[in-house]
Amino acid sequence: MIGKLNHVAIVVPDLEVAAKSYSTVLGADVSDPVDLPTHGVTTVFVTLPNSKIELLYPLDLNSPVKSFLDRNPNGGIHHICFEVEDIYSARDQLLKEGSRVLGDGEPKEGAHGKPVLFLHPKDFFGTLIELEQV
Ligand code: CO
C-alpha cells in the first residue's frame, strides 16, 4: 500500500536557526518559510535527492505542534509521511485492519496541496504516520 517516503517532519524551537543549520552545516537545499494556517504551522522545506525534510514551527498558540514543542523543547521528529496512490482505498483498508485514523477520517489538504491523513501513533510503534496521495 505505502510507496515512497515523502518526508520526515521535525519540530524545531527556532525555524531560522534550523533552516540555517540545514543549509550551511548540512549543505541542503532549503526553502523560505511558508505559513500553513490550516495546519497551524510554519514550514521550511528541505529538498533532498530522494525525499524531503519539513522543519515545523508553531504558527500560533493553538498549533498542534505547540504541545509537542512544550514536551520536547529541543525539537524532535514529529511524523513521517508515506505516499499512497489512492488515499480513500488506503484509509478503508487501514480501518478494516483496525488502525485508527485521526480526526474525522476525511482527508485534508496537506502541505503540498494534496490530500493527507494521519494515523494514530499507538498503532504504529509510537510514530505518527501521515499518508499523502500523490
Ligand atoms: Co507532513
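Strands β8 (115-119) and β9 (128-133) pair in the antiparallel sense over four bridges; two strands count as paired if DSSP finds at least two bridges between them. Helices (H or I, at least four residues) and strands (E, at least two) are DSSP runs, numbered from the N terminus. The model is predicted, so local features need pLDDT of at least 70 and side-chain atom pairs count only at pLDDT 80 or more, whereas totals for chains, interfaces and linings use all residues. Residues are numbered from 1 along each chain as its sequence is written, and side-chain values use heavy atoms, with hydrogens and water left out.

The largest nonpolar core holds 23 residues, of which I10, I53, L55 and L131 touch the most other members. A nonpolar core is a set of buried Ala, Val, Leu, Ile, Met, Phe, Trp, Tyr and Cys residues joined through side-chain atoms within 4.5 Å. Two or more residues of this core come from each of β1 (5-11), α1 (15-25), β4 (41-47), β5 (52-58), β6 (76-84), α3 (87-96), β8 and β9. The most is given by α1, with four residues. A second, separate core consists of eight residues, among them A9, V11, F68 and L69.

Contacts of L131 (heavy atoms within 4.5 Å) were listed without residues up to four places away in sequence; the partners are I2, C81, F82, V84, I87, A90, L94, P115, V116, L117 and L119. With the same exclusion of residues up to four places away in sequence, T42 touches L15, P33, V34, D35, L55, L56, Y57 and L59. T42 lies in strand β4 and is buried, with a relative accessible area of 10%. The T42 side chain makes a polar contact with the side chain of D35 at 2.9 Å. A polar contact is a pair of N or O atoms within 3.5 Å; within protein, one must be able to donate a hydrogen and the other to accept it, and residues adjacent in sequence count only if both atoms are side-chain atoms.

A cobalt ion is coordinated by H7 (NE2), H79 (NE2) and E130 (OE), at 2.0 to 2.1 Å. Donors are N, O and S atoms within 2.8 Å of the metal (3.2 Å for Na, K and Ca); water is not among the atoms, so sites may look incomplete. The donor residues follow the spacing H-x71-H-x50-E in sequence. H7 lies in strand β1 and E130 in strand β9, so this pair ties together parts that are 123 residues apart in sequence. H7 is buried at 1% relative accessibility, and E130 is buried at 5%.

Five salt bridges are found in the whole structure, each a side-chain nitrogen of Lys or Arg within 4 Å of a carboxyl oxygen of Asp or Glu. K66 and D70 meet in one of them, at 3.0 Å from N to O. Both residues lie in helix α2 (residues 66-71), four residues apart, about one turn of the helix. K66 is partly exposed at 25% relative accessibility, whereas D70 is exposed at 52%.

E106 forms a salt bridge with R91, the closest N and O atoms being 3.1 Å apart. E106 lies in the loop between α3 and β7 (108-109) and R91 in helix α3, so the pair ties together parts that are 15 residues apart in sequence. E106 is partly exposed at 38%, and R91 is buried at 12%. R91, D92 and E106 are linked in a network of salt bridges.

For the salt bridge between D123 and R100, the closest N and O atoms are 2.8 Å apart. D123 lies in the loop between β8 and β9 and is partly exposed at 22% relative accessibility. The loop between β8 and β9 is also the place of F125, which is exposed, with a relative accessible area of 81%.

Methods
Buried means under 20% relative accessible area, exposed over 50%, partly exposed in between (1.4 Å probe, protein chains only).
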